[in-house]
Amino acid sequence: MSRQKTILFACGTGIATSTAVNVAVTEAMKKRGLTFNAQQAKATEVPGLVDSVDFIVSTTPISASVTKPVIKGLAFLTGIGKDKVLDEIEAQLRK
Amino acid sequence: MPEGLMQLLDPEAIVLGSDASTNEEIIRILAGRLETLGYVKSSYADAVVHRERTIPTGLPLERADNVAVPHTDPEHVLKPGIAMGTLKRPVTFANMEDPDEKLPVGFVFLLAINDKDKQIEALQSVMATIQNPEALDGLRSAGTLDDVRAVLG
């Protein structure tokens, strides 16, 4: 793996569900031997922050103007389909 | 079992078997409890109701009674807290991930959060409960605080 990647975790307020998702992804990726830099933001702030991150994990819809990959993070709140999303995140981190 | 959520819930901020018929009604009931108990400012209820319309918080769990986690910006919060409501009949919330999709919601966890770094455990505890179908089934039939304690530990 080359340089450490940065994930932007987004949700409505930038402090509630994005925190829960950030923690869940950090723990799961550690088990897979992967680390990353994490940032958190409100979904509305994402377009202004996206240039400095590699991809986004969000629990709410993100503006279509964002060209970086957006991975849906709701699975970490509901528990449904979590492994598949973790595989997607791992693939992005290993790119 | 999700440990610890009971320690984070103020017993006076638990409403069981509410007759509320809309998401705004249950949000205002629970927000009123948090305000009376000193967790949030008087601006909190309106802020949550308004936010729910634009950035909804329903979580699809593939159940007839899903969960919603309404909340708002930290400036309306005085100290961290969580209120919980169970509904006699599900009310409609929109899906957090797809606001056009409506979900029947039977459980509402109203979050008062003002410092993400200090409230990670609280959030994890709420999420663990949401992801535990037996816990939700137990809460649905809970009629007293002792029933809730038996489920949430």
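Predicted model: local features only at pLDDT ≥ 70, side-chain atom pairs only at ≥ 80, totals over all residues.
**The core.** Next I looked up the largest nonpolar core, which holds 71 residues. L34(B) turned up again here: along with F109(B) and L110(B), it has the most contacts inside this core. Which strand gives the core its largest share? I found that it is β5 of chain B, residues 102-112, with eight residues. I noted a general point beside this: in soluble globular proteins, nonpolar side chains tend to be buried together.

**Strand β4(B).** Is this strand mostly covered or mostly open? I found it mostly covered, as ten of the 14 residues in β4(B), which spans 81-94, are buried. Then I checked its pairings. Strand β1 of chain B, residues 9-18, pairs with β4(B) in the parallel sense, over four bridges. With β5(B), β4(B) runs antiparallel, and ten bridges join the two.

I followed one residue, I82(B), through both pairings. I82(B) in β4(B) is the bridge partner of L9(B), and in β5(B) the bridge partner of I82(B) is L111(B).

**Where the chains meet.** Last, I turned to the contact between chains A and B. I read off 15 residues from chain A and 21 residues from chain B. On the chain A side, α1 (17-31) and α3 (75-78) each supply at least two residues.

Notes:
Residues numbered from 1 in each chain as written. Chains lettered and ligands numbered in written order. Contact = placed C-beta atoms within 7 Å. Core = buried A, V, L, I, M, F, W, Y, C linked by C-beta atoms within 7 Å. Buried ≥ 20, exposed ≤ 12 C-beta atoms within 10 Å, placed from the backbone. Pairing = 2+ DSSP bridges.
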